[in-house]
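Subject: Structure handover

Hello,

Here is the structure I promised to pass on. Please open it first, then read my notes beside it.

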Amino acid sequence: GWVSAVDAREIGFSAMTLGAGREKKDDDIDPNVGVVLHKKVGHRVSEGEVLATVYANDTVKAEKAVSRVSSAYCISEEATKEPEVILGVIE
């Protein structure tokens, strides 16, 4: 199929759960954790192919993040056009 949508908010909350972001301004950030997206909207995917990699240092947080990242992806049987990266130029 094709990646038809990725919920950026879910990806962001997943990263924050791992410690890659702050919920409150005095929260610490762990530079050793995060989420790398390998497949984005418009990319063709096959069963078993890696969509994203979650870097974690806590098993419970990793399981939560993997679940959220997985649910953030929508896969369609129909081809989806890759969105434009630059929407416009302001002069």
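Below is what was found in it, from the overall fold down to single residues.

**Ground rules**

This is a predicted model: local features need pLDDT of at least 70, side-chain atom pairs count only at pLDDT 80 or more, and totals for chains, interfaces and linings use all residues. Residues are numbered from 1 along each chain as its sequence is written, and side-chain values use heavy atoms, with hydrogens and water left out.

**Overall picture**

The protein has 2 helices and 4 strands. Their order from the N terminus is β-α-β-β-α-β. Helices (H or I, at least four residues) and strands (E, at least two) are DSSP runs, numbered from the N terminus. The C-alpha trace spans about 45 × 40 × 15 Å along its principal axes.

The protein has 91 residues, and 20% of them count as buried. Buried means under 20% relative accessible area, exposed means over 50%, and partly exposed lies in between (1.4 Å probe, protein chains only).

Contact means heavy atoms within 4.5 Å. Take the contacts between residues at least 6 apart in sequence: 60% of them join residues at least 24 apart.

Now the charges. There are 11 positive and 16 negative ones, and their mean positions are 4 Å apart. Lys and Arg count as positive, Asp and Glu as negative; His and the chain ends are not counted. Each charge is placed at NZ of Lys, CZ of Arg, CG of Asp or CD of Glu.

Which residues make up the largest nonpolar core? There are 6: Val3, Ile11, Val45, Val69, Ala72 and Tyr73. Such a core is a set of buried Ala, Val, Leu, Ile, Met, Phe, Trp, Tyr and Cys residues joined through side-chain atoms within 4.5 Å.

Val3 is worth a click. Beyond four places in sequence, its contacts include Val45 and Tyr73, and also Lys39, Cys74 and Thr80.

Strand E1 covers residues 2-6, and serine 4 sits in it. Serine 4 is partly exposed, at 29% relative accessible area. Its contacts, neighbours within four places aside, are Val41, Cys74, Ile75, Ser76 and Thr80. Alanine 79 is 75 residues from serine 4 in sequence, yet their C-alpha atoms are 8.0 Å apart.

Tryptophan 2 is in strand E1 too. Glutamate 77 is 75 residues from tryptophan 2 in sequence and 6.3 Å from it in space, C-alpha to C-alpha. Residues touching tryptophan 2, not counting those up to four places away, include His43, Arg44, Glu77 and Glu78.

**Salt bridges**

How many salt bridges does a search of the whole structure find? It finds 3. A salt bridge here is a side-chain nitrogen of Lys or Arg within 4 Å of a carboxyl oxygen of Asp or Glu.

- Arginine 68 pairs with glutamate 10, with the closest N and O atoms 2.8 Å apart. Arginine 68 lies in helix H2 (residues 59-72) and glutamate 10 in helix H1 (residues 8-18), so the bridge ties together parts 58 residues apart in sequence. Arginine 68 is partly exposed, at 28% relative accessible area.
- Lysine 39 pairs with glutamate 49 at 2.9 Å, N to O. Both are in the loop between strand E2 (34-37) and strand E3 (52-55), 10 residues apart. Lysine 39 is buried, at 16% relative accessible area, while glutamate 49 is partly exposed at 34%.
- Aspartate 27 pairs with lysine 24, with the closest N and O atoms 3.5 Å apart. Aspartate 27 is partly exposed, at 21% relative accessibility.

Isoleucine 29 is in the loop between H1 and E2. Is it buried or partly exposed? At 41% relative accessibility, isoleucine 29 counts as partly exposed. Neighbours within four places aside, isoleucine 29 is in contact with Gly19, Ala20, Gly21 and Arg22. Glutamate 49 is 20 residues from isoleucine 29 in sequence and 30 Å from it in space, C-alpha to C-alpha.

Best wishes
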